[in-house]
Amino acid sequence: GQPVRVLVAVLFDHQISALADAAASAGLGGSSFHLILGTAPSEQTLAGLTGAAARALLDGAAYVMHAGNPAGHGAFETLSNIAWPAANASALIDALPAGEEADGPRAAARAVLARAGVEPLDQTSGFAYDAVIALGLGACAAGGAEAAAADASALVSAIRSSPFAGVTGNISLDERTGERHVRTQAFSLTNVVYPTGDLGGASTSIVATLDAGTWRFSAPFVFADGTTHPPPDGLTVAVVRVGVLGRFSAGASNDRDTAVAALVAARQFNARNLTLLPELAAAHPALAGCNVRLDLDVRSTNGRAVTGVEHYVAGGSAGAADPATAVFDVSTGGSVAATPAGWHAVVGAARSAVTEPLALLAGIDGVPLVSFKSTAPRLSDLARYPSFARTVPSDTGVARGVARYLALNSWERVGFIYVSDTYGEGYKDAM
């Protein structure tokens, strides 16, 4: 079978080192591998994992954890400031069990208190705080201490049906199971990175939060190869090479914007990160298991049909170095590379006069062509252009609207000026 390239590991801190050694023996790790930890490793653990096996496994790794209160009002810091100042220290520490060892709970609390500055409580402390508040609110809702003691089932029901704003976010429990609703929780994505040239341990940084089902990135995620491009998961990917044709040359700013939009669409489709169209995932469940990746080759026709045909025939393999036809790619910071093989599909062109001969060729070759700007009605002739489609409405509807506007005002003698090409003549015929 195909090798695993993405691994989710749910284990404890002391097992990470053994996992790193096992992964090294199995040949897992490096820039083509990505590890997702099921729990957050401690800073001490990460600092101690300095060997080659650990670096190969953990560099560029990720872990997802509860992000605390999504409102971000510093609840943990506030809780810490309440818990650890000297005025409250003695009472809090004395309330802890002494323990039989020198490092018992009281000794541990005093050690924390002795550290310089105030150290925020960890995530679990916040959940503990909220658990106590949930119980107290439930007891009040159940009718007080005597009623709660007399009817345990009523107390359980009251706890589950008493939502409140806690330090870890809004607390709302399922009244049947007691489960905290996922929609009330926020999660963070942490990036584990080993500094280049540094033989020490890894560092971590939170790069995104998941709130209400959407990842929101505050910084790019850096993978093991030092880039922000996710490694493949080892599955075979079906690459669909798409030629994108339009008036993308210097000066045509609007059309250059459409080129950028096409590149963004391909990037989001390939990452299955359809943030602009979240309903697509539900409407098209096949997307989840789809192995298609779109490879866009953006070329400028300069508004000329002959240039569009040249690009179509060459499949993007010619003119790659021509600054008049190369387009700035926002994803790589350079000119879009030409594909060595032919295109499987075409997006474009802009002018109907340029799209018409391209649609003829595409129909003969059986290559899908989807235009984003060509509005000439004649392009809808299925017999001549069997593989043509467009996402922009044709001029038929607009022309009819103009005709009805003329009729509304009882105008019968009207002049008509049009461009003598596919676009202008098509508009005239539609009138």
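How exposed is Trp 411, in terms of relative accessible area? In this predicted model, Trp 411 comes out as partly exposed, because its relative accessible area is 45%; the cut-offs put buried under 20% and exposed over 50%. Its ring partner is Tyr 405, and the two make an edge-to-face aromatic pair, with 5.7 Å from centre to centre and 80 degrees between the planes. Tyr 405 lands in the partly exposed class too, since its relative accessibility is 47%.

That pair is one of 2 aromatic pairs in the structure. The other brings together Phe 221 and Phe 223, whose ring centres sit 4.8 Å apart with the planes at 50 degrees, a tilted arrangement. Here both partners, Phe 221 and Phe 223, are buried.

As for individual positions, Thr 190 has Ile 206 of strand 7 standing opposite.

Over to the helices, with Ile 16 as the example. This residue belongs to helix 1, which covers residues 16–25. What does Ile 16 touch, leaving out residues up to four places away in sequence? The contacts are Leu 11, Pro 41, Thr 45, Leu 49 and Leu 58. Take Leu 49 from that list: Ile 16 and Leu 49 are 33 residues apart in sequence, yet their C-alpha atoms are 8.6 Å apart in space.

Last up is Arg 299, a residue of strand 10, which spans residues 292–300. Is Arg 299 buried or exposed? It counts as buried, because its relative accessibility is 0%. The side chain of Arg 299 also has a polar partner: it makes a polar contact with the side chain of Asp 297 at 3.1 Å. So, with a relative accessibility of 0%, Arg 299 is a buried residue, and its side chain is in polar contact with that of Asp 297.

Conventions: Residues are numbered from 1 along each chain as its sequence is written. This is a predicted model: local features need pLDDT of at least 70, side-chain atom pairs count only at pLDDT 80 or more; totals for chains, interfaces and linings use all residues. Side-chain values use heavy atoms; hydrogens and water are left out. Helices (H or I, at least four residues) and strands (E, at least two) are DSSP runs, numbered from the N terminus. Buried means under 20% relative accessible area, exposed over 50%, partly exposed in between (1.4 Å probe, protein chains only). A polar contact is a pair of N or O atoms within 3.5 Å; within protein, one must be able to donate a hydrogen and the other to accept it, and residues adjacent in sequence count only if both atoms are side-chain atoms. Contact means heavy atoms within 4.5 Å. Two strands pair if DSSP finds at least two bridges between them. Rings of Phe, Tyr and Trp (its six-membered ring) pair if their centres lie within 6.5 Å; planes under 30 degrees apart count as stacked, over 60 as edge-to-face and the rest as tilted.
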